[in-house]
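Visitor: Please take me through one part of this model in detail: the site of the second ligand and the chain contact around it. I would like one connected account.

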Protein chains: 2
Amino acid sequence: NEQEEEDFIKNNYVARTLLNEPELPPMTWSNWYTQINWPQATLLCLEPLVALYGLFTTSFMWQTIVFTIIWYFLTGFGITAGYHRLFAHRSYEARLPLRYFLLILGAGSVQGSAQWWSRGHRAHHRYTDTDLDPYSAHKGMFYSHIGWLLFKPRRKPGVADISDLTNDKSVQWQHRNYLSLAFFLSFVFPTLVCGLGWGDYRGGYFFAGVLRLVFVHHSTFCVNSLAHYLGDAPFDDRRTPRDHFVTALVTLGEGYHNFHHEFPSDYRNALKWFQYDPTKCLIAFFKLIRLAHNLKEFPQNEIKKGRYSMARKALDKFGGTITWPKTNAELPIISFEEYQRLSKQEDGRVLVLIAGFIHDVSNFIDSHPGGRALIKSHVGKDATVAFYGGIHDHNTAAHNMLAMMRVAACKYGGEVEHIKKRLGHVQTPTPIFA
Amino acid sequence: NEQEEEDFIKNNYVARTLLNEPELPPMTWSNWYTQINWPQATLLCLEPLVALYGLFTTSFMWQTIVFTIIWYFLTGFGITAGYHRLFAHRSYEARLPLRYFLLILGAGSVQGSAQWWSRGHRAHHRYTDTDLDPYSAHKGMFYSHIGWLLFKPRRKPGVADISDLTNDKSVQWQHRNYLSLAFFLSFVFPTLVCGLGWGDYRGGYFFAGVLRLVFVHHSTFCVNSLAHYLGDAPFDDRRTPRDHFVTALVTLGEGYHNFHHEFPSDYRNALKWFQYDPTKCLIAFFKLIRLAHNLKEFPQNEIKKGRYSMARKALDKFGGTITWPKTNAELPIISFEEYQRLSKQEDGRVLVLIAGFIHDVSNFIDSHPGGRALIKSHVGKDATVAFYGGIHDHNTAAHNMLAMMRVAACKYGGEVEHIKKRLGHVQTPTPIFA
Ligand code: HEM
Ligand code: HEM
Ligand SMILES: [Fe+2]
Ligand SMILES: [Fe+2]
Ligand SMILES: [Fe+2]
Ligand SMILES: [Fe+2]
């Protein structure tokens, strides 16, 4: 056992790393201020306050509201269609203009450079739920939503290969110019658009700039928090990712996260037409206008296997809550003569032989839909033919109930053999789980 | 085979009866008028015309409209809670005042006496979908809805025991006085209520009398037509009955008909709180005020079995559309040395040994989320440990996909055995259907 444990650690990258690379000491009341990531924490805490202040002190212009919504979607798509599906997962290929376009929009969401973002995200997929996952859902809703950005992490994320990104000119250009791009696109640009467009500099700054950024930030954060808590796991339940419509709604379609973690380099997050995945539609549109190609899809056959095994697991669990009838092996075996003798005893039991089993139907006979008399007249006889259609072709539920009343199996004799033979063709058309 | 057929007929009441009791010759253009059930046909064809005439010539009074709806529900419940669930199925027991109350209301729906109605209905359950079923769904939507009432049936319904009803004083009283009761309750009574109540004799007759009757009739008829066509079969699919919300809506809750045919003497038709079954609620209310008792329910365990076997059938069908990986038996078995030799061939194949199988990953290597290099470096080696967590603990979908790439099984040798042993503890946490 100790040997096994040792072997496991030797052969498992995560276990090995967690053992060999120590983590920072936990935060305490005396050192917390040294452990805060001050630039990020300041930005993330200030922006909702500034947005609130703006909301209460700025009058609304419909043009600004419309532009705010558009700018929310555009910078949001910079993350979902750009950072996430294109750069982190390479789920499709994009021509140079589109790459720059998405990199610029992505910078406007102020979430770091595409390279930094993808590096963390690849570690998140590779080490999901472990301590090498930078925003592991096992550390709680708050931590995976925003906590991991407010404080210095206790350990650095596990290794992830980003050589494709460090060799990419467009990604490198954005990485070098990230700070100025981010500042310009998230604050300057929206202020200018609304100011020069319809004279609303103030609204442009507070709404299309700051308020929009609050929404874009928490929208992305929800993919790491909500999408790992809310909903169900139709494809695999080994790890925390979950599918939920509400998460999709607030994340431009990234809410089918159980699917996404199973099939990360699929350009889709939602498969069904009625599920909300505007990012998927946008990528399909990019393909249509020849800016994107090689949209990757996992084979339908493998996707089905996920659904199948989860459905089967649920069904097996359901089946486990059902009491099934006794089988031959659990019952005494008696002769037909013995059955006849027992039937005549005045012990309150009502015994009926059907399909090789002897049933005690005393608790049921009074509520029999076919009446008491029909059963009574078959006590001590073989009622197989009568039960299987000779008198009434009982439904499946009747067969299932009957099976629960088994008290013995019967070695056929005389009359029984005779009837059984004539009954050769009779089957129960749907399976009866006996 | 001929012998088997003969045996089947001998041992099956329905087959025997259909063979021995001839049916009437089919209707033709020359004899149709002798084959029409004139009294019923006249009533059923005239009533919608009279209702229409009334609709266009009578002004609406809100009191009449309210009473019409109430009278629709009351006479409807006379059928569903009375005729159907109490008298035909004995799904609960009712005290004498309630029995009379329901018999009187039932007469107001003009569907024959409770005894006549139950006799046919018991045959419908006992011989569902066969020619001994008086309104067999196999004869088409029109026939099972109303056709069986318009024409003289080609054969009489199969035997059904109604001795409980012929021995029941209340049922016999209603049977003897049916015609006057029906006339009084369906036409005279509503006319008087509306006339004496708020002076609207004409509205009382046309709306609460005739129009209401049209709805009550076709509502009941829908249980025989719609409920045998529309919806799905969550409990058993041997026969035509189906569950559907729309059917329930138009039939005061009788639309969960697949359940009802499986569990006919259950006082409920719908099990779930969100399904519409007002008749069930009414019976529960009768119990509350001590007018009803012994409400029958089929054991939950047997109801679950129905759901389980239908779900399993659907899942098996779904599983059948999936391509599963090749097993040992379908693959050549080669030695580890042979695997190493084949790996070195420049034939375009990329061979990787994982968990005892050799996989040709050449079509996948370029889209591998972990990159080309990691796989390349394991060609000709045993990559089991790497794949199972040594480098990356692959998700279930990756295992499933990998299994599809099997080209051979490997007799372990040297290096392999050694690694395999250290790997003893590694399992794939969720089942992989291999
Ligand atoms: C011994 C010979 C039996 C005969 C001849 C017989 C006959 C019948 C008949 C004629 C009906 C139809 C009642 C109606 O719809 O009005 C019926 C229904 C039913 N019987 Fe029996 N019965 C027998 C034994 C049993 C036993 C032992 C069970 C115990 C599970 C059983 C369970 C049922 C059930 C659940 C129904 C209602 C479902 C259906 O219509 O198929 N019967 N039976
Ligand atoms: C030969 C040794 C292999 C190694 C060392 C390896 C390594 C990796 C790594 C590091 C990742 C994570 C990529 C990321 O998230 O950035 C990964 C993902 C993946 N690999 Fe491999 N791989 C190997 C073989 C294979 C093979 C033969 C298949 C064929 C089915 C495969 C299928 C996948 C899939 C589907 C994923 C994405 C799903 C997941 O994150 O688990 N791998 N692999
Ligand atoms: Fe995630
Ligand atoms: Fe992702
Ligand atoms: Fe029916
Ligand atoms: Fe019924």
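**The site of ligand 2 and the contact between the chains**

Guide: A polar side-chain atom of His394(B) stands 2.7 Å from a nitrogen atom of ligand 2. The model is a predicted one, and the distances here are computed from it. Two further polar contacts of ligand 2 involve chain B. His392(B) places an N or O atom of its side chain 3.0 Å from an oxygen atom of the ligand. With Asn395(B) the backbone takes part, one of its N or O atoms lying 3.0 Å from an oxygen atom of ligand 2. Two elements of chain B, helix H18 (372-376) and helix H20 (396-403), each give two or more residues to the shell around the ligand. H20(B) supplies the largest share of that shell, with three residues.

The shell can also be taken as a whole. There are 19 residues around ligand 2, and those that come nearest are Arg126(A), His368(B), His392(B), His394(B) and Asn395(B). That list includes residues of both chains, and ligand 2 does lie between chains A and B. By class, 12 residues of the shell are nonpolar, six are polar and one is charged.

From the ligand the account passes to the contact between the two chains. Chain A contributes 61 residues to this contact, and chain B contributes 61 residues. About 5,700 Å² is buried between chain A and chain B, with 57% of this on carbon and sulfur atoms. On the side of chain A, the residues that lose the most area to chain B are Asn11(A), Arg238(A) and Tyr308(A), which together account for 13% of what that side buries.

Specific pairs also cross the interface. Four salt bridges are found between chain A and chain B. One salt bridge joins the side chains of Arg239(A) and Asp393(B), at 3.6 Å from N to O.

The side of chain A that touches chain B draws two or more residues from each of several helices of chain A: H1 (2-10), H2 (13-20), H7 (114-126), H14 (257-262), H16 (300-320) and H20 (396-403). H16(A) gives the largest share of this side, 13 residues.

Definitions and conventions: Residues numbered from 1 in each chain as written. Chains lettered and ligands numbered in written order. Predicted model: local features only at pLDDT ≥ 70, side-chain atom pairs only at ≥ 80, totals over all residues. Heavy atoms only, no water. Near = heavy atom within 4 Å. Polar contact = N/O pair within 3.5 Å; in protein donor to acceptor, adjacent residues only side chain to side chain. Helix = DSSP H or I, 4+ residues; strand = E, 2+ residues; numbered from the N terminus. Nonpolar A, V, L, I, M, F, W, Y, C, P; charged D, E, K, R; others polar. Contact = heavy atoms within 4.5 Å. Buried area = accessible area lost by both parts, 1.4 Å probe.
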